[in-house]
Every structure is written in C-alpha cells, then in structure tokens.
Amino acid sequence: MVIVVSVLVVVLVATVVALAASAVTRNAAAHRITAVSRSLDAPGPGSAPHPSLDDALDELERSASSEAERRARAAKAENRLAWALGAIAHGVVIFDERGEIVYRNDPAASFLAARHSDALVEEAITAMASDALRGRSAERELELFGPPRRMLNVRAVPLESATRPSGVLVVVEDTSERRRLENVRRDFVANISHELKTPVGALALLAETLLDEDDPIVTKRLVERLTTEAFRVGNTIDDLLELSRLEVATGLATDEVTVVSFLDAAADRVMPAAEQRAIEIEVERPPERLTVVGDRRQLVSAVTNLLDNAVKYSEPGSSVDVRARTDGTWVDVTVRDHGIGIPRRDLERIFERFYRVDRARSRETGGTGLGLAIVRHVASNHRGEVRVESREGVGSTFTLRLPAGPGPVAVTKEAG
C-alpha cells in the first residue's frame, strides 16, 4: 500500500512539474513572439505587459501584416521613382556607399561599358563618383567630337550627407542643342548688327554729301543710292519680321491650297527682277487638283525666296525651271537654276541666317541672307523638308517637300 501511494505521489509531482515547465515554455514563447512583434511594429497603448501566447500570436500577425503593407508601399514608391527617372532625358546613375552601381536609366546605359568617345563619359562618371564618395561634389564639361559632335555636362553629388555619404548621384546632361542655340543667337546679334550698320552708315554718309551738293546730276545719283540703301534696310527688316513670325507660329492653318496657285503667285512676284536680268522663269503647271494643306502665305513666301535666289545667282540670259511632282503622299516643288552653283563645303550651312556663299555678289544683288532660313522654317511648319543638290558652275536644285492634300491626286509618271 505504501508503495502504491509513493508511486502516485511521484506521478503527481511529475505531472505538476511538466505543467509548470509547459507554462514556463508558453510564457517564454509569448514573450519572444511579443519581442519580435515589437521589433516589427511598436505596440499600441492597450498592449498587455504579460501577454498570453494567443495574444502574442495575434500581435505578431498584425505586425507582420503591417510590415507587408509598408514594404508594398515602399516597393510601389520605388517603382514610381524608377519610372520617373527613366522618363527624363538626362542620364542618371546612382552608386551605393561601396561605389557599386545600384541604378541607371536608359539614357545613362549607353555611357557604361561604352566604346569610342562614349568611353570618356564612362571614365568621367566613375572618377567623379569616387570623388563624391569622399564628400566632394564635382561638375565637368565634356566635348565629344563624334560624329555627331556633342557637349555633355556631368555632375556628381553625395547623397544624404557630404561628410558621410551613403551613395552618389551622377547626372549627365546633353547640352549640345543649348550650346548651338547660344551660338546661333550670338551670331544672329553680330550679323544683324553688321547688316544694319552698313546700309545705315551709307545712308548717313550719302545724306551728308547730299547737303553740300549743287550739281543736279550728282544729286540725282546720290538720291538713287539713298533709295537703294533704304530699300536694302527695309528688305532686311521685312525678312526679319517674316522669320520671327514663322518661328512663333503655333497652329498651322489647315486650308487646302492648290499647288498651282502659290507657284503662280511666287513667279509673279519675282518676274520683274527676272526680266531685268533677262532670265526666263519656266513654270510647268501642275494639275489643278494637286493640293497641300497649310498656310498659303507661308508657301508663297518660301517659293518666292527660292525663285529670288535662283534669279540672283543665275547668269543673265539663262532660265529657272519650276515644277511640282507627287507620289500621292508627298508633293515635291522643285526650283532649278543654271547659275554659279554652291561649293560642297557650304551646302550644310546655306540655311543658316545671314550665311552667304558669295558675299560680294549677295551685296551686289541686295540679298539679306535670310531667304533660305525662311524656306527652312516654312518647310518645318508644314511637317516637310527642304533639300538641295548643287554643282559649281552647273547650277543648283532646291526641292521643297510638303505633305500632299486630301482627295485624288495625279501621280506623275516619274514619281510613280
């Protein structure tokens, strides 16, 4: 009997010990889970100081769910930032604190692991990133001779702190177009000052001479020179106003303009100057139903400038041919002369403002140097283009290409 009682006591003690150990284990687990939950998310004001295991598990689930939502929001924000950086035109490269690339957008990808001149950009990016990791911001201008020739601005800045950077941001900006526009603006100011200064100075000198002149014959000759120089200034100002109007034009007119109408109008404007030089303007009349969509005034101005140049740079007694051809999609208006031609080295620059192949001849004929610039702007405003082919001593052919208008058109045999 004593033995049985002893066995029961031992079993009871063992059970109590097991239950106590289980309770201790559950409490320890609850405290560990609570600690993990608090590391993920701070507990609310109602958190129990000694939570049960079920309470701890509930808190862990809430914390895990909150952390998952936070990570999802962070991932969404990161994707949005990556999309925004990829959409900008500048090259963007981000380095971490070890100098490893963690992000680069598409414009910057062409500079990394590149060859030829772009390898210089990669070298500059790496060197400037290393300096920025030491807390030194840097900026450098690179000139790549191409082709095509480009100007790049590379800027590197430390992230978060200049004393202890957590990374580096490098931005590569292509400043070629901005530099080109700056050069064009500077050249324009210099050229227009020169173009106006010369005739204005001549006007002042002629007027001063005319004050003290009594000879009627000399007076008449001086008045004729005054008139010529005054017209020269007026033509320059008119062309400047026309060019300025073309540049700021926003909405192109959508009128359906027959090609024959603006060809005839342009030929009528140039006919007096052509007759003075005994130059025949031969217009091959296109079909009446051949049209383009655009601004008739601009089209007349463009063809007039092409004809005017052709007459001025042709030899007396020669001819200028005008014709229009279409393939159903484009209309090509061609002006061909048999004049002095254009040197190959000048073909790329003849559409610049005030650029002249033969300055002496241009001054003799009264040209302003703005005609072909006007033609280029008209072509651009009509979503077309202007092209030139020329041989020195043989002549030049200018082609103004414009989108064909709606409706049936006569496709020429040559274009077809």
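Modeller: Let's start with helix α10, where G371, L372, A373, I374, V375, H377, V378, A379 and N381 are buried. Buried means under 20% relative accessible area, exposed means over 50%, and partly exposed is in between, all with a 1.4 Å probe and protein chains only. That makes nine of the eleven residues of α10, so the helix is mostly covered. Helices here are DSSP runs of H or I with at least four residues, strands are runs of E with at least two, and both are numbered from the N terminus.

A quick word on the ground rules. This is a predicted model, so local features need pLDDT of at least 70 and side-chain atom pairs count only at pLDDT 80 or more, while totals for chains, interfaces and linings use all residues. Residues are numbered from 1 along each chain as its sequence is written, and side-chain values use heavy atoms, leaving out hydrogens and water.

Just after α10, R383 takes a positive phi of about 60°.

Now for a partner of α10. Helix α8 (residues 296-312) packs with α10 (residues 371-381) at an angle of about 145°, and their axes are 9 Å apart. Axes are lines fitted to C-alpha atoms, for helices over the stretch in contact, and angles run from 0 to 180 degrees between N-to-C directions. On the α8 side the contact uses Q298, L299, S301, A302, N305, L306 and N309, and on the α10 side G371, L372, I374, V375, V378 and N381. Contact means heavy atoms within 4.5 Å. By class, this contact has seven nonpolar, six polar and no charged residues. Here Ala, Val, Leu, Ile, Met, Phe, Trp, Tyr, Cys and Pro count as nonpolar, Asp, Glu, Lys and Arg as charged, and the others, Gly among them, as polar.

Helix α8 also packs with α7 (259-276). For this pair the angle is about 35° and the axes are 8 Å apart. The contact includes F262, A266, R269 and V270 of α7, together with L299, V303, T304 and L307 among the α8 residues. Its residues divide into 13 nonpolar, two polar and three charged.

Leaving aside neighbours within four places in sequence, T304 is in contact with A266, R269 and V270. The T304 side chain also reaches the backbone oxygen of V300 at 2.6 Å.

Zooming out, we come to the largest nonpolar core, with 41 residues, of which V259, F262, L307, V333 and L400 touch the most other members. A nonpolar core is a set of buried Ala, Val, Leu, Ile, Met, Phe, Trp, Tyr and Cys residues joined through side-chain atoms within 4.5 Å. Helices α7, α8 and α10 each supply at least two residues of this core, and so do strands β9 (319-326), β10 (330-337), β11 (385-391) and β12 (395-403). Not counting residues up to four places away in sequence, L307 touches A266, A267, V270, I281, V320, V322 and V335. In soluble globular proteins, nonpolar side chains tend to be buried together.

Note on methods. A polar contact is a pair of N or O atoms within 3.5 Å; within protein, one must be able to donate a hydrogen and the other to accept it, and residues adjacent in sequence count only if both atoms are side-chain atoms.
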